[in-house]
Amino acid sequence: MSLLPKNKQQTLAEDDHSAGNQLFPVFLKLNELNTLLIGAGNVGLEKLNAVLSNSPQAKVTIVAEEVSDDVYELAGRFPQVTINKKPFSEEDVQGANLVIVATNNPALNEYIRETAHQHNLLLNVADKPGLCDFYLGSIVQKGDLKVAISTNGKSPTVAKRIKEVLNDNLPEELDITLQQMSQLRDTLSGDFASKVKKLNEISSVLVEPKAEISERKNFVWLIWCSIIASIAITFSVFWFRNADFQSFVQGIQPTFYYFLAAGFVFAMIDGAIGMSYGVTSTSFSLTLGIPPASASLGVHLSEIMSNGIAGWMHYRMGNINWRLFKLLLIPGIIGAMMGAYILSSLEHYSLYTKPVVSLYTLILGIVIFKKAFKGKHKRANGKIKRIGLLGFGGGFIDAVGGGGWGSIVLSSLIAGGRNPRFSLGTVKLSRFFIALMSSLTFIYMLNGARWESVAGLVIGSALASPIAAKVSNKISTKAIMVSVAVIVILISLYSIEKFIVKVI
């Protein structure tokens, strides 16, 4: 079998003089071909890993005088891979369909190239574009979707960076869409043209023009700014024309305004980094003398509206992984209600529960500080499988500590390889229901609450939620995380120090 085109005299080196990338992309069924790999050092290992990671059933024969232990270990996991520890000879290309060279011997590379061409075989020589008939491109894979990237041999580093960008921004759930489209195609009737037309109509939502998306976002932004402006104007009219309203406003406790400003700022921060609203609000509440259970109640009541708005926006933008949502929801609610019940039962012992919660927020502050300097995480090899247990633990700790759902659940999902955008949207929407149920538990268990602080947090966070992402994207995420961490650590240490002074 020959894979070589008839006009083999035109090499890739000559193509380099043509305008643009002249390479023709093609996907090979390596499980039906015989691949010859010559060389089994570090470069050979890299080439073997590239072949097997993309085609696990590929039939590969390795020829090398020296074989590294890593190559032996990798080949041992694939029974269809054979190793011949010997010098290369012309007989080795017999039966091969494809040749990959990974030696550091220029003379040997030239000899292998001549031999391969005499047998009409396509050849790839590592780090020698001029000797190659084809290149091994960077690959992005999401289930059945596979994207190959080529820079025409000019810069593998650039190809690698583009791969990272696509890998991070193409959601894992895209494979689910592919399977659904495949099933839908099997149900369609009619000729080929009618099927294509129908599938194009259905899939058009996946490629909505950026101009339309931007226009919709600007429209939502305009509406929300108009609502805020209307509230401000109405307030001003009542203030100057209604003496009773002036008396009512003047009678509001200053605590309300403190928590109004705090709720707005903390929600803006949360919108930028996807976490820390609970821990910052709880730390702030404890510092102003609010008992732990009442502080957690205020946080969760305010999060009902803010996360409801955020969850709805993520739903409209298609950022929800519904299977993940179902796995998180029920365990998260159970954990949150248990945590709220336990913390409320200990409300009379708030003198002693306060330092415990402050210690918890101190730990979270340190965690956030470390995350700020870790840079972009590397995805784990496998996703977290015990989603229900993660939801239960996150809900329980969140209720007891007044925060932590984002820090625990969102961070764990992303670190486990989940798509950040879908993880954030799913966590925000599930947070709405968890905050609702924990709030109802707190209200049932507590005789009263500091409603001025609750109202401040509710209104402040609700005002910030729709505009948080738009404004906060203009600020360095690292700077925000460091600032949050420092504030939380200092406030927590202050609360712990106050407890120690009282006890002493």
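Trp322, Phe325, Phe432 and Phe433 form one aromatic cluster. The structure is a predicted model, in which local features need pLDDT of at least 70 and side-chain atom pairs count only at pLDDT 80 or more, while totals for chains, interfaces and linings use all residues. Residues are numbered from 1 along each chain as its sequence is written, and side-chain values use heavy atoms, with hydrogens and water left out. Helices (H or I, at least four residues) and strands (E, at least two) are DSSP runs, numbered from the N terminus.

**Aromatic pairs**

- The whole structure holds six aromatic pairs (ring centres of Phe, Tyr or the six-membered ring of Trp within 6.5 Å; planes under 30 degrees apart are stacked, over 60 edge-to-face, the rest tilted).
- One of them is the edge-to-face pair of Phe88 and Tyr111, at 5.9 Å centre to centre and 75° between the planes.
- This pair links distant parts of the chain, 23 residues apart: Phe88 is in the loop between strand 3 (81-85) and strand 4 (98-101), and Tyr111 is in helix 4 (residues 106-118).
- Phe88 is buried at 13% relative accessibility, whereas Tyr111 is partly exposed at 37% (buried means under 20% relative accessible area, exposed over 50%, partly exposed in between, with a 1.4 Å probe and protein chains only).
- The ring centres of Phe325 and Phe433 are 6.0 Å apart with planes at 65°, so this pair is edge-to-face.
- Phe325 in helix 13 (residues 322-345) and Phe433 in helix 17 (residues 420-445) are 108 residues apart, and their pair links distant parts of the chain.
- Phe325 is buried at 9% relative accessibility, while Phe433 is partly exposed at 29%.

**Salt bridges and Asp398**

- There are four salt bridges in the whole structure (a side-chain nitrogen of Lys or Arg within 4 Å of a carboxyl oxygen of Asp or Glu).
- Among them, Asp398 and Arg431 meet at 2.9 Å, N to O.
- That bridge links distant parts of the chain, with Asp398 in helix 15 and Arg431 in helix 17, 33 residues apart.
- Asp398 is buried at 1% relative accessibility, and Arg431 is buried at 5%.
- Asp398, in helix 15 (residues 387-401), also has a side-chain polar contact of 2.6 Å with the side chain of His300 (N or O atoms within 3.5 Å; within protein, one must be able to donate a hydrogen and the other to accept it, and residues adjacent in sequence count only if both atoms are side-chain atoms).
- Glu164 and Arg161 form a salt bridge at 3.0 Å, N to O; they are separated by about one helical turn because they are three residues apart in helix 5 (residues 156-169).
- Glu164 is partly exposed at 33%, and Arg161 is partly exposed at 45%.
- Arg77 bridges to Glu73, with the closest N and O atoms 2.7 Å apart.

**Hairpin**

- Strand 6 (residues 138-142) and strand 7 (residues 145-149) pair in the antiparallel sense over five bridges (strands pair if DSSP finds at least two bridges between them).
- Gln141 stands opposite Lys146 in strand 7.
- The two strands form a hairpin with two residues between them, and Gly143 in the turn has a positive phi of about 65°.
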